[in-house]
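I opened this notebook to record what I looked up in one structure. The entries follow the order in which I consulted it.

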Amino acid sequence: MSSKRSRPDENLGTSPSRISSPELRFEAQRAFVWAAVIGSVVLALYISQALLIIFGALVVASMIDGGARLLARILPIPRVWRVSLVLLFMAGFFYWLITYAGSQISREAAQFPAIIQQQAGVALDWLRGQGFAVDAPDFQALLTNLMSGVGTVTRAISGLLGWLTTLLLVTIIGVYLAYEPRMYERGVAWMLPAHRRSQFFKTASQMGRTMRRLMAGRLVGMVFEGVFTYVMLAIVGPLVGIGAVPMAALLAILTGLLAFIPNLGAILSGVLMVLVGFSGGTDMGLYTIFVYFLVQNFDGYIVIPMIARKTVDLAPALVLSSQLIMGVLFGILGLFLADPLLAMIKVALERRAEQNQTADENAKEAADGT
């Protein structure tokens, strides 16, 4: 008797799942690919909240990385120390904002809703005087929807605790990515076919460069609008006899933060500024309108064009449309990330078009050579 033991898979015969017809086998493979694509889309929609948080972390990481690269021009120290210095600077800024400016801003923030509600009532009375049939409940519902946002993600992470958790996750993941971006980049490239990796590294490098420049330009615009607004409302106003606009510090901070959202942010900050301005009288209200147009025109015609030459150029209508879609789908978080996401999609499409053009040129040269 032979001492060899037979394997479990011996003498089992032909598998019943084998498709002998090449045509059927091809159709089955194609059906499997379509099922995988549809399943991937459904999975992406199901985990869209997590994907949006990860993309937000990439935005944070790009800002930290941009600061570290800027420090490299003046401090020839290892990258890990430059990233740490950027994080310390950010922590110090928020500590100053909470410790020194927090008391004043909190007092203003406590009065802010009452003033907005009062001025909204004045605006309603004016509209009714002009013949518009506007009901107060409808107007309040509209303001509530604008302030709270709608969408599945907003409802899923509603509440202060949910937002704090989201911000904490975005910050932690962003810090990890900023410290070792190459490790994660190599990890993604490792899962791709070998012949696709070089193109992936080029696309990722261009995306990172575009994101850093886009975020740097956005931060410059935010700082400019916030500081300029505070100077005009708190310092220039008394000098021209208008008086200091109430809540100048809070309005300046809101203007700077909302400047992160192109188009819509400027409109929201302008409405808030004008409402608060008219609470101090007609002259102050007209002055806030002047300040709003001065800040937005200077930022729109001088600051933004200077920045746009070194960043991605996005059409305003396209940006506004993406903000509308992302705001409806994902609420406030989607509204903040609509512009960076659109910029990354544009870079990916441009890289794909370049690859296709190169392939067509190579094919044409090969055809001409034969």
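Among contacts in the chain between residues at least 6 apart in sequence, what percentage join residues at least 24 apart? I found that such pairs account for 69% of these contacts. I note at the outset that the model is predicted.

**Entry: the chain as a whole.** I looked up the secondary structure and found 13 helices and 0 strands. Read from the N terminus, the order of elements is accordingly α-α-α-α-α-α-α-α-α-α-α-α-α. The chain has 370 residues, and 31% of them are buried. I recorded an accessible surface of about 23900 Å² for the chain, with 68% of that surface belonging to carbon and sulfur atoms.

**Entry: a surface patch.** I next asked which residues form a nonpolar patch on the surface. They are Phe-32, Val-33, Trp-34, Val-37, Ile-38, Val-41, Val-42 and Leu-45, and together they have about 860 Å² of accessible area. I took Trp-34 as one of these residues and placed it in helix α1, which covers residues 22-46. The relative accessible area of Trp-34 is 57%; exposed means over 50%, so Trp-34 counts as exposed.

**Entry: a covered helix.** I then turned to helix α10, residues 248-258, and found it mostly covered, with 8 of its 11 residues buried. The buried residues of α10 are Ala-248, Ala-249, Leu-250, Leu-251, Ala-252, Thr-255, Gly-256 and Leu-258.

**Entry: two packed helices.** How are α2 and α9 oriented to each other? Helix α2 (residues 48-72) and helix α9 (residues 197-239) pack at an angle of about 80°, and their axes are 9 Å apart. The two helices are therefore roughly perpendicular to each other. On the side of α2, I listed Phe-55, Val-59, Ser-62, Met-63, Asp-65, Gly-66 and Arg-69 as making the contact. On the side of α9, the contact is made by Met-211, Arg-212, Met-215 and Leu-219.

Entry: I remained with helix α9 to examine Thr-203, which lies in it. Is Thr-203 buried or exposed? Its relative accessible area is 14%; buried means under 20%, so Thr-203 counts as buried. Leaving aside neighbours within four places in sequence, I found Thr-203 in contact with Arg-351 and Gln-355. I also noted Leu-349, which is 146 residues from Thr-203 along the chain. The C-alpha atoms of Thr-203 and Leu-349 are separated by 9.9 Å.

Technical notes: Residues are numbered from 1 along each chain as its sequence is written. This is a predicted model: local features need pLDDT of at least 70, side-chain atom pairs count only at pLDDT 80 or more; totals for chains, interfaces and linings use all residues. Side-chain values use heavy atoms; hydrogens and water are left out. Patches are made of residues with over 30% relative accessible area and no salt bridge: like charges are joined within 9 Å, nonpolar side chains (Val, Leu, Ile, Met, Phe, Trp, Tyr) within 5 Å. Accessible areas come from the Shrake-Rupley method with a 1.4 Å probe; for residues, only the protein chains shown count as cover. A salt bridge is a side-chain nitrogen of Lys or Arg within 4 Å of a carboxyl oxygen of Asp or Glu. Helices (H or I, at least four residues) and strands (E, at least two) are DSSP runs, numbered from the N terminus. Buried means under 20% relative accessible area, exposed over 50%, partly exposed in between (1.4 Å probe, protein chains only). Axes are lines fitted to C-alpha atoms, for helices over the stretch in contact, and angles run from 0 to 180 degrees between N-to-C directions. Angles under 35 degrees count as roughly parallel, over 145 as roughly antiparallel, 65 to 115 as roughly perpendicular and the rest as oblique. Contact means heavy atoms within 4.5 Å.
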